[in-house]
Amino acid sequence: MKKVLILGGGYAGLSFIKNLHLDALGDYQFTLISKENEHYTSILLHNVASAGKNITLAYEKILPRQIEFIQDEIKEIKDAAVVGKKAEYNYDILVIALGFSSDDFGIKGVKDYAHSMVNYHNSLDIHRKLETLLQEGQKDIVVCGAGFTGIELLGNLANDWASKANLHCVEAMPAILPMFDSDLALKAKNYLEERGVNFELGAKILELKQNSVIVEKNGEQKELKSDFTFWTAGVKGNEVMQNSPFFKTARSKVEVNAFLNPIQQKKEMKNIFVLGDCAALKDEATGRFYPPTAQMAEQQGKYLAGIFNSNLTSSEPFSYNNKGTICSVGYSYAVGVIGGVSIRGILANYLKRIIEAKWILKLKF
């Protein structure tokens, strides 16, 4: 039987597994390897960091019986083998869905003084530290980055800690949420400002210190006081990729073709598939790489399952279908675009919760 190793049990890895016709795939032995023994909904890590919510599901409760599970931390990927902390694992076919890591862009002090939400347990640790700090009294909290993650985090912090925290957001761009039109982004900004969030837009981050953030704005340097700094300004692929000389990578990502196979490599890699945050997939219409999203990862996993369900005979390329995007801004408000139509408020928030619940139900059944 061909050994198929699946690295990572996030959106991409589990979408692949859940869409396999396992009873009909007797020629393959599937093994999932994950550092954790549970899946966590990565798009909800801000709920963990702010409120300490449990967003996990144990693999033993959601994996099909035909999938072997090994808990190990992957250190390096090689030709025909994967090196884990506990052991080395051979493969005939490899599915890489390792997820993301934080990108500090080489800015001084980020690694030493900022808190980045990269997994469930690290986000829970951040929550505990934040809770302990805020018990001392009023504190200044700075969120670096006004993209999707930063705004969702600010929304929760404004709900959970408004009476104990002075909330600030630093962003190099002149506006927040660049994936939305200016009117929708402004609605989210106004909503947060009404709840006490202060924005420093057009402020390039130069350095992070233990109790401050150094920025450049309008040609002048400015120091912002910060008792607790969140870093949400960028992500890259899992660092296992850049630590594996077997691959040529950029920002811990491997460029893939429309069949999700690595390209621009030293050798052909038709037995390797890269999904989610570790994959750099170009949109042929624009010539730009697609941004990594949970929706993209889920669709890639489903597509790859279809390839296996056809016993690797399907020649259909992957095609991304953007069904819309919704950003929560606290627990009762959201902004987004569905089918080209802008939505906001309670309706957008309701749809966001439905999307989240749909994923969980797919895992359980």
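This is a predicted model: local features need pLDDT of at least 70, side-chain atom pairs count only at pLDDT 80 or more; totals for chains, interfaces and linings use all residues.
Charged pairs make a friendly starting point. Side chains of opposite charge can pair when their charged atoms come close. A search of the whole structure turns up 20 salt bridges, and three of these pairs are described here in turn.

In the pair formed by E200 and K222, the closest N and O atoms are 2.7 Å apart. E200 has a relative accessible area of 14% and is buried, because buried means under 20%. K222, with a relative accessible area of 36%, is partly exposed.

Another pair links E88 with K78, and here the closest N and O atoms are 3.7 Å apart. E88 sits in strand β8 (residues 88-90) and K78 in strand β6 (residues 74-78), so the pair ties together parts that are 10 residues apart in sequence. Both ends have some accessible surface: E88 is partly exposed at a relative accessible area of 45%, and K78 is partly exposed at 32%.

The remaining pair described here is E73 with K75, whose closest N and O atoms are 3.6 Å apart. E73 counts as partly exposed, with a relative accessibility of 25%, and K75 likewise counts as partly exposed, at 41%. The picture also takes in K85: E73, K75 and K85 are joined into one network by salt bridges that share partners.

Attention now turns to the backbone. Most residues other than glycine have a negative phi, and most peptide bonds are trans. A80 is placed in the loop between β6 and β7, the latter strand spanning 81-84. With a relative accessibility of 35%, A80 counts as partly exposed.

Where does N311 lie? N311 is found in the loop between α9 (294-309) and β24 (325-328). The relative accessible area of N311 is 40%, so this residue is partly exposed.

Technical notes
Residues are numbered from 1 along each chain as its sequence is written. Side-chain values use heavy atoms; hydrogens and water are left out. A salt bridge is a side-chain nitrogen of Lys or Arg within 4 Å of a carboxyl oxygen of Asp or Glu. Buried means under 20% relative accessible area, exposed over 50%, partly exposed in between (1.4 Å probe, protein chains only). Helices (H or I, at least four residues) and strands (E, at least two) are DSSP runs, numbered from the N terminus.
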